[in-house]
Every structure is written in structure tokens, then in C-alpha cells.
Amino acid sequence: MTVSFNKEFLKKSQSLIALFLLCLVLSLLSDKFLTGTNLWNVLRQISVNVCISVGMTLVVLMAGIDLSVGSVLGLTAALSAGLLKNGLGFESLDLFVGFTVLGGVLVAMLVGLFLGFLNGWFITKFSIPPFVATLAMLTIARGLTMLYTQGMPISNLGSSFEFIGSGWFLGIPVPVWISAFFVLIVLFLSKKTTFGRYIYAIGGNEKAAFLSGININRVKLIVYGIAGMMASVAGILVTSRLNSAQPNAGASYELDSIAAVVIGGTSLSGGVGSVTGTVIGAAIIGVLNNGLVLLNVSPFWQQVVKGLVILVAVIIDKINQKKD
Amino acid sequence: MNKIYRYIIAAVLVLFLGYKSIYFKKLSEVKQLDKSGFDYDAYADTLYNKGILSEDMGVGLDELMFMIQTKPDSAFSIYGNRLGIGNSAYFMVKGNGRISAVQDGSLKILTEKGESVTLDSKYIFGNDLRDASRLVKLTDFKTNAEFNKVSEALNTLVREKVIAPTVQRLREGDKISFMGALKLNRKHLSDIEFMIIPAQITLQ
């Protein structure tokens, strides 16, 4: 009884144990790792990936994938920055519509939600595989970003906007508060609501879920919408931290996000996983990135190491599946 | 009944968020207001035409390189502009050469002394030109944002009104003279990559 409990506990906590061991090793190898400044910095950096990854978790739980999150991040960030800085001018009406920080953030979130819905609509309406539909959106959104920004950054967005990404509240960086807020919402959604159970059911066995009366298309539409919106929140964090929207912002962020989800124990075949696991996965990637930089490891080797970590996580996932 | 309340609450929330999100003004007033503040475009225009294009601006690339090899400390203190505590400094350099290639908006130049130089004529961003000019000081402005707006205005002027029209006319083999910002790192002088942000390119 005790042995099986311990095994179950170890299996469930393997990501957390990996994170703990990683922190332990890095604190031994670098005296800068465990300093307050560095740890806050790591948390600030992780916040962006956490925001994208919690949305991605819901998608992967449904046995889907969203490759467009990085590009959606870039487009929504550019749009909000552009509106915040330049507003909208209508010459013929002699009308200027200005946007406050709240306005810029809301527009970004609505556009992210819309692009996510579009992903979901293509997937459900035309039965396009998620990989292909979101890959198309990746290219479209990046192209639109380049068109909107003309390939140039939109900078100097004001100190109020900068506060979102660089400010502190009650001694904790604002991005950490924001990502924690969204993590709690998605956690509640996935664990405590019927909608959350539908997501797991679809990922576990889509046909069975359909036969039991779940409106699969509606759930998919909403989940992809949430993933798009979470990408836009991450976009706001990145843009406000730099006080500048870069046209290539978010490029390849989808890979870090998928990595966080997989490392956090969510199965790519759907139905198994959790938001908390993803947060730990994002933390592992963030700590790993930070540690490799502190240890002066070449950026090329950093990519190799990250790739190997993802590979190990997937292998462990497969072994667990076989055992189950 | 419950549904009606829900709709009312949703409508009030949307109106409240809308009220806090956007504001309306007359476009003509906004344009007027923009002009009444500090005119960065005019400042950049003066900085460029009366400062950067003045005769004594810039050091010959060959002369600078000779000095870097023989007296690097003097080269950095006389011609360089170092901001902050880093090892990098910006230099306004000028030279002549022939275009050996036009690649993705940048010009590869072979100077008369056989040095290979790249003029990054497409991506004129950052503070390189402002800092290489050594004419603008941070203390002249209240905030970093204002200081950076000078760069933004100067870069826009040089990129759109000076360099872009010139580069369109240039072809491989053309002989040109150039002036631009070069960033050098005091710790890495043995293997210098001559990547210059151009301030002026003239077809000879």
C-alpha cells in the first residue's frame, strides 16, 4: 500500500522534483542563481511563457495543438502598441479616437480571442487538422504584424503601460500577479467546472464525448479562443516590459509553450495533464534558460539542452502511458 | 427576469469599460497639440543639417583604424563617444569606396584601401547616429524617453529622406563616399566588423 502510494506520489510530482533538483544543481554551480534579484527576474521572465502555456494546456488536453500563439502574441502586441501610441484618426470626420492603457489591453485581448476563435472555426467547420490550421494562422498573423508595423518597432508607449511589464505591486513584479491571476482562472475552469470536464473528456476519447452529448465544436471553439486570448496577454507583458512592440515579438514562443506543457506532464495525445503541471514546466524551462546563461553556456548549446529536456519529458510520458 | 438583469449588468459593464478605454477629440486639435510640444522633427533636422553634415564632423575610417592600432586609448577618447560603463563607443566615420554588392537593403563596400565595409542602409534604428554625432547630451533632456525621441526623429529623417532615396539609385560598381556611425568595443579590437549605420551616402 505504502509502496504504491509512494510510486503514485513520485509519478505525480516528477516535474516538481525535477524543478527542485535543477534549482539545487544551479545554486551549487552559480552563486548568483539564488540571489533575490535573479529569482525575481526569472519569475518575471517565466510569466510570459506561463500565460501562453496555460492556454496551450487546454488545447493539448483536448488532443489539439496551437502553433499560432507566438504570431498572435506579436500581432496583438503590435496592435495595442499602435493604438496606444497613435490612436485612430478619421480625417473626413475630423475625429481622433485615442486609447487608454486599458483600451489598448482590451483591444489586444479581443483580437487574440477572435484569432483563437478563427483557429477553432477552421478546425471544427472544415475538419482541418489543428496542426495545419494553426500553422496557417502562424503565417497569416506574422504577415499582418509585418504589414501593420512595416517591419519597424513601435516604441515609447508611456510609463503607465510600462508599469504592466516592469512595475512592482506589494513587493512582487506585476507580470507575476497577472500570470498568477490567469493561472487561477484557467485552473478553476479546468478543474471545477463542467466545461473543464468536457475538455478532459474530449481529449480522452472524442467519440465517446460526442456520443455522451457534449457539443465538441463549441468546446473546441472556446478553448482555441482562450489560447489566443492568453497569447495576447503574454504579448502585453512582453511589449510593456520592453516599452516597445517588436515586429518579430513572440517568434518561436509556441515551442517554449508546448515544451512547458509537455514537461509539465500533459500528454500530447490528450486527456491527461494539468495547469499546475504546466506552470512547473514553464518554471523548469525558465530556470534552465536562466541557469545556462549564468553558467555562460553558448546559446547554441542552450537550444540543444532544451531540446534534450523536452525529449526526456516525452519519453517519460510514453513510459508512464505504457505502465498505465 | 434574471436574463434581463444579466443583460443590463453586461451592458453597463461594457459601457464602463468602453468609457475607460477610449476618448474622442477633434483630429485637427490633436495635430495642433502635437506641434505645440517640443518639435523633435525640427530638432533632428537641425542636428542633421547643421551638425552631422558640418565639415568637421567625422573621422576618416583609415585614419581611425591606424590610430586604433597604434594609440587605441587616444582614438577612443578623441573620436569616440562612450555612454555609461560599457566598453563600446560610437564613432562617426567617413570614407570612400566602390559598391561590391547590394544585399537585402545593405551595401557592401570595398574601400580604396581594400577594407570591406557594410552600410546597413535599411535598418537605421537605435541610438548609433545620435551618439556617434557627440552633439546631443542626456543631460539636455528631462527623461530617457525624451532623449530617445531624438534618435527616433533623427533615424526617421536619415532613413526615409536621406538614405532610402539615395540607395534606390545605387548599383553594384558605383563609387561612393559615405559617413556613418560605427560601434567599436574596446575589448574586441582585433577582429572588427565594419558595420556602419549610414548618415549620408553620396554617389561620386
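A salt bridge is a side-chain nitrogen of Lys or Arg within 4 Å of a carboxyl oxygen of Asp or Glu. I keep that cut-off at hand for the chain pair below. The model is predicted.

**Entry 1: chain B against chain A**

I counted salt bridges between chain B and chain A and found one. It joins the side chains of Glu152(B) and Lys85(A), with 3.1 Å from N to O. I then looked up the contact as a whole, to which chain B gives 17 residues and chain A gives 17 residues. Together the two chains bury about 1500 Å², and 60% of that lies on carbon and sulfur atoms. On the chain B side I noted Ser21(B), Tyr23(B) and Leu27(B), which supply 35% of the area that chain B buries against chain A, more than any other three residues.

**Entry 2: two helices of chain A**

I next took helix α2 (residues 14-29) and helix α13 (residues 275-294), both of chain A. Two packed helices are described by the angle between their axes and the distance between the axes. Here the axes come within 9 Å and cross at roughly 15°. Angles under 35 degrees count as roughly parallel, and α2(A) and α13(A) are therefore roughly parallel to each other. I recorded the crossing of α2(A) and α13(A) as left-handed.

**Entry 3: residues where these helices meet**

From α2(A) I listed Ser15(A), Leu16(A), Ala18(A), Leu19(A), Leu22(A), Cys23(A) and Leu26(A). They meet Ile280(A), Ala283(A), Ile284(A), Val287(A), Leu288(A) and Gly291(A) of α13(A). Sorted by type, the residues of this contact are 11 nonpolar, two polar and no charged.

Conventions: Residues numbered from 1 in each chain as written. Chains lettered and ligands numbered in written order. Predicted model: local features only at pLDDT ≥ 70, side-chain atom pairs only at ≥ 80, totals over all residues. Heavy atoms only, no water. Axes fitted to C-alpha atoms, helices over the stretch in contact; angles between N-to-C directions. Helix = DSSP H or I, 4+ residues; strand = E, 2+ residues; numbered from the N terminus. Parallel < 35°, antiparallel > 145°, perpendicular 65-115°, else oblique. Left-handed = near helix turned anticlockwise from the far one by under 90°. Contact = heavy atoms within 4.5 Å. Nonpolar A, V, L, I, M, F, W, Y, C, P; charged D, E, K, R; others polar. Buried area = accessible area lost by both parts, 1.4 Å probe.
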